[in-house]
Amino acid sequence: MRTIVDGFRELIHLVGDTFRLWWRNLLPLTTWFLAGYVGFRASIQASIWLDEHQHSSLAVGLFATGVLIQIAATVGMIRTCATSLYRWRDAASNKAEETSDPTQQGLMELLAITLLPLVAVWSAWGFLDDRLKALSVSNLVQRGMGSGAGFFDVHNGAWHSFVPAIVILLVLRRVLEAVGNRWPSRPLSFAQIWAEAFFVLLTVVVTPYAVGDFKDWIANRDFWYFASGWWDGLKDFFAGIHIPIPAGIEFLWGFFWDSLWPLFKSGVAEPLTWLAITTVVFGHRVLTSSGVFRGTRIERRFGSQLAAADDAPKPNRLVALTNQAPNLLLGGLREKFYPTLTAFRLLVRVGPVFLGVVCTVYTLWLLADDWAFAGVIRLIGVHGSDWGLMNNEIAQAVTDVVFETLRIALLAAAFDLCISVSAERRSEATAAAEEPAEAEPAKA
């Protein structure tokens with residue numbers, strides 16, 4: 001009963017805080033959103049013009065810049081709400097907490113630790129696909145479907161042309177990192193962040209098509225012919241003895257992949273991942289790889305083994321250089337994801353009740369966003385066949401102004417309440433641990 005009451009109370013607080021933060025910060029949130037939207041639309045127009053004048057590589061880079069401008073605007077929107085979070089302000093003033101004041105960090109520092117996770121999130125949940133569709137539609141409207149009118153095409157093996165750009169970006173980011181370490185400057189930091197994010201953006205766009213071509217290549221090999229029909233033979237064998245184990249596996253896999261996984265991805269994984277990134281933007285002191293497992297069971301279980309590994313004799317110089325070879329180009333990329341992984345510790349600490357409340361409110365936001373878009377489309381009405389695309393763009397822009405700012409307010413309110421709930425859970429656990437300790441001397 002107490003769990004239901006706590007969940008309902010946290011639900012009321014979360015909804016109330018969301019609208020309070022949204023109304024209080026509506027003007028700066030809208031300003032940040034419009035800046036990202038205008039920058040993205042301008043990059044689309046400029047990249048189409050560049051591609052039309054035989055500068056396709058520069059056009060792709062300019063389009064990527066527009067996407068990164070929108071992601072940077074999202075970080076700016078989250079940071080805007082920092083001054084309105086009173087629970088977080090109290091926690092940030094306490095040195096015992098794992099949170100710090102994000103207003104003490106520069107925007108470049110926040111982008112350096114949040115841009116790559118945000119690119120991954122945009123790719124995983126379709127935000128990046130929506131931007132690519134907007135680019136494709138605008139290019140189709142302006143240039144038609146004639147020969148040479150395609151832009152950023154990765155189908156039918158065209159992704160091979162982007163592999164040199166990915167390699168060049170890897171080398172460029174290492175060069176910029178080395179120069180920035182010696183002569184630090186803001187333009188170099190921005191260029192390094194852009195190179196890293198552009199590399200990840202191209203990688204996540206190209207990888208599915210590369211994997212598909214590799215699967216087709218495997219399927220067309222002669223040796224694959226002998227391994228292609230084993231599952232059907234297994235099904236026929238078990239069907240003959242009236243034990244439908246393969247059919248049951250197919251049913252469970254279809255139920256999981258077609259029904260449970262989309263619900264989990266949209267209703268649980270998406271809000272919690274966004275909340276983890278919001279936690280990083282609002283400040284988290286554990287920003288190193290060692291801090292991810294500090295104080296956890298993994299550290300207590302394997303800490304002695306790691307210490308023994310530190311005392312082991314060091315390999316010779318040739319072996320050390322061989323072990324460091326993968327880090328020549330990829331070094332420093334995985335560390336950009338450690339803050340987001342560390343932020344999940346705060347989410348795990350608050351317990352499933354509060355996380356369920358956050359997922360519920362976020363799901364209601366998703367439903368309201370879809371219904372609002374349909375309502376605006378119906379409100380605009382039909383004005384001829386040439387207005388279909390324009391109606392969709394107008395309706396999407398109107399609903400995004402309201403609901404994207406509302407989503408940021410929801411994430412900020414969830415983080416603020418998360419800090420309070422985490423402190424309550426920690427104090428309750430401390431009190432429960434002290435009660436047996438006080439009872440033992442009394443019995444003695």
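**The pocket and the helices**

Mentor: The largest pocket is lined by 35 residues, and F127, D130, R131, Q396 and D400 lie nearest its centre. The model is predicted, so local features need pLDDT of at least 70 and side-chain atom pairs count only at pLDDT 80 or more, while totals for chains, interfaces and linings use all residues. Residues are numbered from 1 along each chain as its sequence is written, and side-chain values use heavy atoms, with hydrogens and water left out.

Trainee: What makes a space a pocket, and what makes a residue part of its lining?
Mentor: On a 1 Å grid over the protein atoms alone, a cavity is a set of points where a 1.4 Å probe fits but cannot get out, whereas a pocket is an open set with protein on both sides within 12 Å along at least five of seven lines; lining residues have an atom within 4 Å of a point. Rolling a probe the size of a water molecule over the atoms shows where empty space is left.

Trainee: What is the volume of the largest pocket?
Mentor: It is about 1100 Å³. Volume here is the space filled by probe spheres set on the grid points, which are joined across faces, edges and corners.

Trainee: Which elements give two or more residues to the lining of the largest pocket?
Mentor: They are α2 (26-52), α3 (56-80), α6 (127-143), α10 (245-281), α16 (352-380) and α17 (388-443). The most comes from α17, with nine residues.

Trainee: How is the lining of the largest pocket divided by class?
Mentor: It has 17 nonpolar, seven polar and eleven charged residues. Ala, Val, Leu, Ile, Met, Phe, Trp, Tyr, Cys and Pro count as nonpolar, Asp, Glu, Lys and Arg as charged, and the others, Gly among them, as polar.

Trainee: How many helices and strands does the protein have?
Mentor: The protein has 17 helices and zero strands. Both are DSSP runs numbered from the N terminus: helices are H or I with at least four residues, and strands are E with at least two.

Trainee: How do you know that the span of α2 agrees with its number of residues?
Mentor: The expected span is 1.5 Å times one less than the number of residues. For the 27 residues of α2 that should be 39 Å, and its end C-alpha atoms are 39 Å apart, so the two agree.

Trainee: What about helix α8?
Mentor: Its 34 residues (186-219) should span 50 Å, and the end C-alpha atoms are 49 Å apart, which agrees. Even so, α8 bends by about 35° at V206, and a proline, P208, follows within four residues. The bend is the angle between axes fitted to the seven residues ending at a residue and the seven starting there.

Trainee: Why is A64 called buried?
Mentor: Buried means under 20% relative accessible area, exposed over 50%, and partly exposed in between (1.4 Å probe, protein chains only). A64 has 0% relative accessibility, so it counts as buried. This residue is in helix α3 and is in contact with F198 and L201, leaving aside neighbours within four places in sequence. Contact means heavy atoms within 4.5 Å.

Trainee: Why does A412 count as buried?
Mentor: Its relative accessibility is 1%, so the residue counts as buried. A412 is found in helix α17 and touches L21, C81, L85, T278 and F282, not counting residues up to four places away in sequence.

Trainee: What makes A395 buried?
Mentor: A395 has a relative accessible area of 0%, so it is buried. A395 also lies in helix α17. Across the protein, buried residues make up 37% of the 444 residues.
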